[in-house]
Amino acid sequence: MKFFIDTANLDQIREANDLGVLDGVTTNPSLMAKEQIKGEASIRQHYVDICNIVKGDVSAEVISTDFEGMIKEGRELAALHKQIVVKVPCTKDGIKAVKYFTDNGIRTNCTLVFSVGQALLAAKAGATYVSPFVGRLDDISTDGVELIRQIVDVYRYYEFPTQVLAASIRHTMHIIQCLEAGADVATCPLSAIMGLLKHPLTDAGLAQFLADHKKVNG
Ligand code: E4P
């Protein structure tokens with residue numbers, strides 16, 4: 001299972017990368033706005049800066065909603081850096097754009113996926129990644145992890161190569177549950193990644209080991 005960090009914050013990306021277990025980064029227009037990255041040139045430079053920190057895939061989302069606009073924007077984003085994966089919303093024009101990018105050797109992340117039907121179309125169009133939003137489904141009393149399980153089952157049965165990228169992860173249990181459901185990737189906030197480390201028995205055990213060592217060695 002691959003671990004992506006879901007942020008446009010360079011300090012958080014560096015911190016996760018320094019841990020040595022980071023496989024990539026996902027961003028979206030809201031995350032870019034949160035960092036106050038304004039204007040096309042700055043946004044594109046920011047994607048390059050992210051690619052220069054991590055070794056893996058970096059999702060850069062198109063803003064256009066029409067097919068032609070998505071193609072133009074996606075081509076420009078993909079040309080920024082070899083690690084860029086073009087993130088495209090799961091709409092009618094988006095699916096057409098994913099197919100176009102697939103046919104032209106550009107990798108894609110089909111985003112804003114909330115159903116097995118949408119995931120099927122993304123896979124048929126050849127998406128590299130499909131991003132079902134776990135947390136946003138949970139927010140409306142629908143089981144987000146169950147959707148991950150269903151998509152994984154369908155993709156495995158029909159042998160689609162599209163990787164299931166569990167998105168909208170809110171906490172550590174989401175990561176564990178998505179892992180158990182067979183997700184290929186989890187994209188998580190830094191807090192959820194760091195939360196995996198926490199265990200009171202680790203802290204207590206380490207304190208005891210150090211105290212015992214000190215008793216004998218001073
Ligand atoms: C990632 O690709 C998504 O854009 C992101 O995980 C959405 O998360 P949110 O629902 O917490 O905004």
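User: What counts as buried or exposed?
Analyst: Buried means under 20% relative accessible area, and exposed means over 50%. Keep in mind that this is a predicted model.

User: Okay, so is threonine 27 buried or exposed?
Analyst: Threonine 27 has a relative accessible area of 0%, so it is buried.

User: Where does threonine 27 lie?
Analyst: Threonine 27 is in the loop that sits between E2 and helix H2 (29–34).

User: What does the side chain of threonine 27 reach?
Analyst: It reaches the backbone oxygen of serine 59, at 2.7 Å. Leaving aside neighbours within four places in sequence, threonine 27 also has contacts that include Tyr47, Ile50 and Lys87.

User: Lys87, got it. Which residues are around the ligand?
Analyst: Lys87 is one of them. Others include Asp6, Asn28, Phe133, Arg136 and Ser168.

User: How many Å is lysine 87 from an oxygen atom of the ligand?
Analyst: An N or O atom in the lysine 87 side chain is 2.6 Å from a ligand oxygen. For serine 168, a side-chain N or O atom is 2.7 Å from an oxygen atom of the ligand. Asparagine 28 has a polar side-chain atom 2.7 Å from a ligand oxygen.

User: How much of the ligand does the protein bury?
Analyst: The protein buries 85% of the 340 Å² that the ligand exposes when taken alone.

User: New topic: strands. Why is E1 largely enclosed?
Analyst: Four of the five residues in strand E1 (residues 2–6) are buried, so the rest of the structure largely encloses it.

User: Which strands does E1 pair with?
Analyst: E8 (residues 185–188) is one: it runs parallel to E1, joined by four bridges. Phenylalanine 4 stands opposite threonine 187 there. E2 (residues 24–26) also pairs with E1 in the parallel sense, over three bridges. In E2, valine 25 is the bridge partner of isoleucine 5.

User: And how many residues are in the largest nonpolar core?
Analyst: It has 62 residues. Ile148 and Tyr155 have the most contacts inside it. Helix H8 (residues 144–158) gives the most to this core, with six residues. A second, separate core has seven residues, including Phe4 and Phe133.

User: What is isoleucine 148 in contact with?
Analyst: Beyond its neighbours within four places in sequence, isoleucine 148 has contacts including Pro132, Val134, Val164 and Cys178.

Key
Residues numbered from 1 in each chain as written. Predicted model: local features only at pLDDT ≥ 70, side-chain atom pairs only at ≥ 80, totals over all residues. Heavy atoms only, no water. Core = buried A, V, L, I, M, F, W, Y, C linked by side-chain atoms within 4.5 Å. Buried < 20%, exposed > 50% of the residue type's maximum accessible area, 1.4 Å probe, protein only. Helix = DSSP H or I, 4+ residues; strand = E, 2+ residues; numbered from the N terminus. Contact = heavy atoms within 4.5 Å. Near = heavy atom within 4 Å. Polar contact = N/O pair within 3.5 Å; in protein donor to acceptor, adjacent residues only side chain to side chain. Areas by Shrake-Rupley, 256 points an atom, 1.4 Å probe, with all protein chains shown as cover. Pairing = 2+ DSSP bridges.
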